[in-house]
Amino acid sequence: MSGLTDKYQKYVMGTYARQPAGFIRGEGCYLYDAGGEAYLDFVSGLSINNLGHCHPAVVAAIHEQAAALINTCNLYYTEPQAELAQLISENAFGGKVFFSNSGAEANECAIKLARKLGREQGGDAKHRIISLENGFHGRTMASLSATAQPAKQEPFKPLLPGFSYVPRNDIAALEAAMDDDVCALLLEPVQGEGGVYPLEASFLAAARELADRHRALLVFDEVQTGMGRTGRLFAYEHAGIVPDVMTLAKSLGGAMPIGATLAAPDYADVLGPGMHGSTFGGGPVPCAAGMAVFGELLKPGFLDGVAARGDHFLSALTGLAEEGLVVEARGIGLMLAVELDEPKAAGIVSQALDRKIIINNTSDTTLRFLPPLIADEGMIDQVIEFLRNALRG
Ligand SMILES: Cc1ncc(COP(=O)(O)O)c(C=O)c1O
């Protein structure tokens, strides 16, 4: 490891607080280091490996497509892009997809689409975008401008103009902030990087109603919640409302880089030729991988199994709260977190790594769990047992 970390120190920008671990292989729910040690992975590359590492169907799709055609750019037609767009559209709320390479880029597209539509409907004035405090939408300047976390925004000011923020689940604040100058409401149905906070159904319903009242687009950032993470294909399905635009990335390509912005039929043609683009976006290889991911997620019973194992995990975490070991357990499906009474989350993550279990903390007091959706109850129980012992100190 020391040769590797030395090279990182010398040649790679230090933008990540990396854990002292390096991996050379992944299979199912396990990562393997150079010494052959297996680590139970309950982070899934921050929800990019929803099917586990190197799922055979994803690997086969990548091999086959890479051997035939890697990419051509978007001046030409390729079959996998059309097929994946159809899968996304037909399994969500219809409409058309723009493909990019990441979650931030998927949100950039949504923001540009909303700004263009707003301008068409209300001129210069209709350009404001409302997002939620503590949300996370990416690190590019537009997605950062929507990411209402002062520590992440401060060093890069001035941000883009026209972004306002309201607290999550505060319907009165949202109502007060909404006006006819708003072109979009952008939110995560479950705040992920902010610490796994599901939005209340009543708040989402109010967001839908207020967006309609002010002719603003309701945009759901499902970059982390999408692709089965919450026990449904998309998290909006839990709320009984449908957004106008949805962004996807992370696990869409089975850990290959891809982003997607789905616009409902009424908004599917807002962006025309020359309005937006990406050289790599929607390349045949990540799209072929995405088709394989859909194939697995849509197998009968797969998502019900995710929901059932999510319930098992959440009730075990709630048990830790009842034992007084954590303050709160929360989340939905296999997107879960516990809140600690003291700032000791980083220490617990290190202890877990020593025990060959990979978990993550979103703050000093929040532990987050994003296991592969194929993790079984035995693996979940192993993590619970580790937590119980570690938290008892
Ligand atoms: C909800 C959400 N949106 C956007 C992003 C940004 O995605 P990317 O890192 O692929 O740009 C993330 C990444 O964690 C995310 O969780």
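**Entry 1: a hairpin**

I started at the hairpin of S13 and S14, where two residues sit between the strands and glycine 333 takes a positive phi near 60 degrees. I am working on a predicted model, in which local features need pLDDT of at least 70 and side-chain atom pairs count only at pLDDT 80 or more, while totals for chains, interfaces and linings use all residues. For my own notes, residues are numbered from 1 along each chain as its sequence is written, and side-chain values use heavy atoms, with hydrogens and water left out.

My labels follow DSSP runs numbered from the N terminus: helices are H or I with at least four residues, and strands are E with at least two. I call two strands paired if DSSP finds at least two bridges between them. Strand S13 (residues 328-332) and strand S14 (residues 335-339) are antiparallel, with five bridges. I found alanine 329 opposite valine 338 in S14.

**Entry 2: the seven-stranded sheet**

Next I traced an open sheet of seven strands, ordered S4-S12-S11-S10-S7-S5-S6, and its pairing is mixed. Strand S4 (96-100) and strand S6 (163-166) are at the edges with a single partner strand each, so one side of each has no neighbour in the sheet. From one strand to the next, the twist averages 20 degrees. Angles here run from 0 to 180 degrees between N-to-C directions, and axes are lines fitted to C-alpha atoms, for helices over the stretch in contact.

I then looked at what packs on this sheet. Helix H4 (residues 79-91) does, touching S4, strand S11 (245-248) and strand S12 (259-263). The direction of H4 makes about 125 degrees with that of S4. Contact means heavy atoms within 4.5 Å.

Serine 131 is opposite tyrosine 165 in S6.

**Entry 3: the four-stranded sheet**

I also followed an open sheet of four strands, S1-S2-S3-S15, again noting mixed pairing. Strand S1 (25-27) and strand S15 (357-358) are its edges; each has a single partner strand, so one side of each is left without a neighbour in the sheet. Strand S2 (residues 30-32) pairs with strand S3 (residues 38-41) in the antiparallel sense over three bridges. Tyrosine 30 has leucine 40 in S3 as its bridge partner.

I checked two loops. Lysine 157 and proline 158 are joined by a cis peptide bond, with omega about 5 degrees. Proline 158 belongs to the loop between helix H7 (150-153) and S6. Arginine 215 is not a glycine, yet its phi is positive, near 50 degrees. I placed arginine 215 in the loop between helix H9 (201-213) and strand S10 (217-221).

**Entry 4: domains**

How is the protein divided? I wrote down domain 1 (2-55 + 300-392) and domain 2 (57-297), with bounds from an automatic or database domain assignment. Their C-alpha centres lie 25 Å apart. Across the boundary, 29 residues of domain 1 are in contact with 29 residues of domain 2.
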